[in-house]
Structure formats: structure tokens, C-alpha cells
Amino acid sequence: MNIAGIPIESRAFLAPMSGVTDIVMRRIAARRGAGIVVSEMVASDEFVRGNEEARIRAEGEGVSPHVVQLAGCDPHWLGEAARLAEANGAAVVDINMGCPAKKVTGGWAGSALMRDLDHAVTLIEAAVAAVKVPVTVKMRLGWDDASRNAPELARRAVAAGARMITVHGRTRQQFYKGKADWRAIAAVRAAGDFPLVANGDVHDAEDARTCLEHSGADFVMVGRAALGRPWLVGEIGAALDGREPERLTRPEKLALACEHYEELLALMGVAHGVRHARKHLAAYADEAVAEGCEPDPERRRILLTSEDPRQVMGALRGLLSNECSRAAA
Ligand SMILES: Cc1cc2nc3c(=O)[nH]c(=O)nc-3n(C[C@H](O)[C@H](O)[C@H](O)COP(=O)(O)O)c2cc1C
């Protein structure tokens with residue numbers, strides 16, 4: 001399997017998620033078998049101007065292929081950001097045409113680009129002209145039900161040089177409501193013979209199989225279900241290939257959660273890292289409970305409030321360790 005000549009080991013990818021798919025999560029997911037992992041969206045102008053948060057979001061050390069997702073609505077900034085991402089090691093530049101957030105669409109970026117396909121195409125052309133690495137596009141089904149124009153945008157994007165298309169099976173107006181419509185993605189499949197990724201509400205291998213069958217896509221992308229379970233993407237990919245996924249033991253999951261925490265603090269500094277890590281730690285704790293560990297509200301409170309890394313680590317070990325009697329059985 002390959003995308004624009006880049007070898008891909010698995011058909012399941014980790015979705016870009018702002019505030020979530022930091023480089024540490026992506027490294028763990030990639031190591032555990034995700035085919036592609038995509039950075040959080042990076043605002044093009046901020047990245048080019050040297051904003052520190054944008055730089056951290058675009059960090060790619062230890063993941064291959066390194067995919068940076070850019071957001072923006074100005075061809076100049078998008079092209080410059082693509083150039084900078086490539087110079088910093090990106091193997092693929094993805095363009096965000098799916099983000100529904102008002103602060104993004106208000107600036108005519110993200111899914112707002114689906115309301116002006118001519119402009120969307122100028123952005124793709126700017127990125128393609130700026131870099132040698134493949135440019136890809138992630139979109140929704142359309143802005144709303146009256147304008148489900150993903151097939152047209154995909155066709156035009158590919159004509160402008162995009163090498164892979166990802167479609168989240170919802171419209172912008174749906175935000176995250178309802179259920180992703182995998183069958184609607186089949187209309188994008190019918191628009192041409194390009195690598196196609198289907199996304200939305202894939203939680204396990206069975207979902208992934210159904211999603212691929214209904215959409216006709218080549219790959220699936222997993223977002224929210226991987227929070228607290230970055231190994232899930234590789235497990236789904238293995239199952240799609242008919243391989244028995246290597247299941248992690250509880251101590252191995254604990255070790256990955258600790259690694260995630262410690263590396264975030266090293267990357268972001270303690271003050272920022274402690275806060276950023278909370279959503280991950282809560283999700284790791286929830287996953288442990290879902291697997292049978294005893295819930296422990298006091299330790300969970302420490303995860304979500306303590307500013308002291310040693311105290312947080314102690315609570316994490318307690319929540320995720322073999323002390324969970326039911327899970328250890
Ligand atoms: C917290 C959060 C942040 C997201 N940030 C991005 C982003 O930066 N870029 C993007 O293309 N999509 C983003 N998305 C959308 C996801 O990539 C994905 O399309 C969506 O969550 C549907 O997939 P899922 O049901 O597997 O989560 C985000 C989603 C969530 C929940």
C-alpha cells in the first residue's frame with residue numbers, strides 16, 4: 001500500500017484532532033501500527049510567523065510519514081506554511097476543509113471553504129506549487145444538506161494536484177450531531193479513482209469494515225475513539241488486514257500513559273503540559289474503567305486538578321495498574 005509513493009503499513013489512520021493529537025499521542029499511535037497519523041491543524045499564518053504553539057503542533061519527530069495539517073484561507077500564507085512544513089520534515093501536507101468551528105469558518109477557513117470551491121481550489125494550487133511532497137485534503141460531505149458538494153470538491157482537488165482525499169461523513173451544519181453517513185461518502189468514491197479515506201464514528205474493527213464497505217473508501221480514519229486508546233488505530237488496521245491484533249496488557253497500557261504524560265511535560269514545559277495532558281489522562285482512566293478497573297473518584301480528581309506531576313503520576317499508576325482487581329483477572 002502506498003499514497004503518492006509513500007509506503008503505508010496499515011489501512012487505519014489517526015485523525016487530526018486539535019488539542020488532542022499532539023506529537024506524543026501520534027508517536028504512540030504510529031508505533032502501535034496506525035498507517036498514518038495527522039497533526040493537529042496548524043494555522044498557516046501563525047506557523048509562518050513563528051508562533052510557538054503552532055511549531056509544537058507541527059512537530060513530527062519519530063513519526064513516519066509525518067503529516068502536517070494546515071488551516072487557512074489565504075493562498076500566500078498557506079503556500080508559505082506548506083513550504084515551512086516541508087522544510088521541517090513533513091512528508092505530506094494536508095489541508096483542512098472540514099473544521100466546523102465558528103472561529104475557523106468565520107475566517108473563511110476549514111469547512112467554510114466548501115461554500116466557495118473556486119477559492120478552495122486556489123488554496124490547493126498554492127500548496128501544490130509550494131512543495132514537492134504530496135498535498136492532501138480533508139473535508140466534510142458539504143456545508144449543509146442542501147449543498148453536499150464533497151464529490152465536486154474532491155474531483156476538483158485531485159485535478160489541482162491533491163493526492164488523497166479524506167471525507168468526514170457529516171455536513172458542517174451537523175457539527176458532530178447524528179451519525180456519520182458512510183454511504184454518502186460513496187458519492188465521493190464515484191467522483192474518481194484517487195486514494196480515499198472515510199472518517200466518522202469508527203470505534204472498532206467491525207465499524208471499520210462496514211465503513212469501508214458502505215463508502216468504497218480505501219482507508220478509514222479514527223478520531224475520538226482513539227482518545228485514551230492510541231493503540232486502537234493499529235488494532236483496527238491489523239483486523240482489517242486479517243491479522244490478529246497484538247493486544248496490550250494493562251501494565252503496557254499504564255507504561256504508555258506514563259510515557260505520554262512525561263513526554264508532554266518535556267515538550268510543553270510543566271505548567272502548560274500538566275494542563276494539556278488532563279484530557280488524555282482522564283481518557284486513559286476511563287478506558288481502564290471500561291475494561292473493568294475500579295473507578296476511583298478521588299484519584300480521578302487529582303488527575304484533573306493537580307499541578308504536581310509526581311502526585312498526578314501516582315494517581316495515574318493507581319488508576320491504571322493491576323490494583324484494578326477485576327481487570328487483572
Ligand atoms: C476535539 C476535536 C478536534 C478536532 N480537530 C480537528 C483538526 O484539527 N483538523 C481536522 O481536520 N479535523 C479535526 N477534528 C475532526 C476529526 O478529525 C474527525 O473528522 C471527526 O472527529 C470525526 O471522526 P471520529 O468520529 O472518528 O471522531 C476534530 C475533532 C475533535 C473531536
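A polar contact is a pair of N or O atoms within 3.5 Å; within protein, one atom must be able to donate a hydrogen and the other to accept it, and sequence neighbours count only through side-chain atoms on both sides. By that rule, 7 residue pairs are in polar contact between domain 1 and domain 2, both residues of each pair being at pLDDT 80 or more. The model is a predicted one. Its protein is divided into domain 1, residues 2–240, and domain 2, residues 250–322.

**Domain arrangement**

- The centres of domain 1 and domain 2, taken over C-alpha atoms, are 28 Å apart.
- Domain 1 brings 16 residues to the contact, and domain 2 brings 14 residues.
- The size of an interface is often given as the accessible area lost when the parts come together.
- Here domain 1 and domain 2 bury about 1,400 Å² between them.
- Carbon and sulfur atoms account for 72% of that buried area.

**Charged and polar links between the domains**

- Between domain 1 and domain 2 there are 2 salt bridges.
- Arg27 and Glu263 form a salt bridge, with their closest N and O atoms 2.8 Å apart.
- Helix H1, residues 23–31, gives the most to the side of domain 1 that touches domain 2: 6 residues.
- By class, that side of domain 1 has 9 nonpolar, 5 charged and 2 polar residues.

**Ligand surroundings**

- There are 16 residues around the ligand.
- Pro16, Gln69, Asn199, Asp201 and Arg224 come nearest among them.
- Pro16 has a backbone N or O atom 2.7 Å from an oxygen atom of the ligand.
- Lys138 places a polar side-chain atom 2.8 Å from a ligand oxygen atom.
- His168 has a side-chain N or O atom 3.5 Å from an oxygen atom of the ligand.

**Salt bridges in the whole structure**

- The whole structure holds 27 salt bridges.
- One pairs Arg83 with Glu80, the closest N and O atoms being 3.2 Å apart.
- Arg83 and Glu80 are 3 residues apart in helix H4, residues 75–87, so about one helical turn separates them.

**Backbone exceptions**

- Most residues other than glycine have a negative phi, and most peptide bonds are trans.
- The peptide bond joining Ser64 and Pro65 is cis, with omega about 0°.
- Pro65 sits in the loop between helix H3 (52–57) and strand S5 (66–71).
- Ala4 is not a glycine, yet has a positive phi of about 50°.
- Ala4 lies in the loop between strand S1 (2–3) and strand S2 (6–7).

Terms used
Residues numbered from 1 in each chain as written. Predicted model: local features only at pLDDT ≥ 70, side-chain atom pairs only at ≥ 80, totals over all residues. Heavy atoms only, no water. Domains from an automatic or database assignment. Contact = heavy atoms within 4.5 Å. Buried area = accessible area lost by both parts, 1.4 Å probe. Salt bridge = Lys/Arg side-chain N within 4 Å of Asp/Glu carboxyl O. Helix = DSSP H or I, 4+ residues; strand = E, 2+ residues; numbered from the N terminus. Nonpolar A, V, L, I, M, F, W, Y, C, P; charged D, E, K, R; others polar. Near = heavy atom within 4 Å.
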